[in-house]
Amino acid sequence: QVQVVESGGGSVPPGGSLTLSCVASGTLAEMYVFGWYRQTPGTKQRSLVATITNSDITNYHGSAKGRFTISRDNTKNAVNLQMNMLRPEDAAVYYCNLATARGVLWGQGTKVTVST
């Protein structure tokens, strides 16, 4: 059974950078979409940050455009989210999402803090 686990969260000052990683265990389906979502403190909804498909089609949402880069590491069944020029409003718990024809999996989340 496939599982996804995130890592790489931490605390950085405004303008700093972080790289989040999501590793999927098990065998992936031929067609899938990895997504990064985030949930800010005090909110119930997770908002979409970026997605990448098995054919490397990427999509960015909102303020992630121009600052974040999503990429795949096929050797590790992993997806990375490189986040640059971080702002205080980027602080959130970031979740990895794997969508296949069989369903959707979520990771446990990794926390990102942006403060001086």
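From the N terminus on, the elements of the protein chain run β-β-β-β-β-β-β-β-β-β-β. This is a predicted model, and the count for its protein chain is eleven strands and zero helices.

The overall dimensions come next. Along its principal axes, the C-alpha trace of the protein chain spans about 40 × 25 × 20 Å. The radius of gyration of the protein chain is 13 Å, which agrees with the value near 13 Å that a compact globule of 116 residues would have. Of the contacts in the protein chain with a separation of 6 or more, 52% are accounted for by residues 24 or more positions apart.

Burial and surface can be read together. Of the 116 residues of the protein chain, 41% count as buried, where buried means under 20% relative accessible area. The accessible surface of the protein chain comes to about 6,300 Å², and carbon and sulfur atoms hold 51% of that surface.

Rolling a probe the size of a water molecule over the atoms shows where empty space is left. In the protein chain, the largest pocket holds about 210 Å³ of space. Its lining consists of Q1, V2, T27, L28, A29, L98, T100, R102, G103, V104 and L105. Two strands, β9 (92–100) and β10 (103–106), each supply at least two residues of this lining. The largest share, three residues, comes from β10. By class, the lining of the largest pocket has six nonpolar and four polar residues, together with one charged residue.

Note on methods. Residues numbered from 1 in each chain as written. Predicted model: local features only at pLDDT ≥ 70, side-chain atom pairs only at ≥ 80, totals over all residues. Heavy atoms only, no water. 1 Å grid on protein atoms, 1.4 Å probe; cavity = no way out; pocket = protein on both sides within 12 Å on 5 of 7 lines; lining within 4 Å. Points joined across faces, edges and corners; volume = space filled by probe spheres on them. Helix = DSSP H or I, 4+ residues; strand = E, 2+ residues; numbered from the N terminus. Nonpolar A, V, L, I, M, F, W, Y, C, P; charged D, E, K, R; others polar. Rg over C-alpha atoms; globule rule 2.2 N^0.38 Å. Buried < 20%, exposed > 50% of the residue type's maximum accessible area, 1.4 Å probe, protein only. Contact = heavy atoms within 4.5 Å. Areas by Shrake-Rupley, 256 points an atom, 1.4 Å probe, with all protein chains shown as cover.
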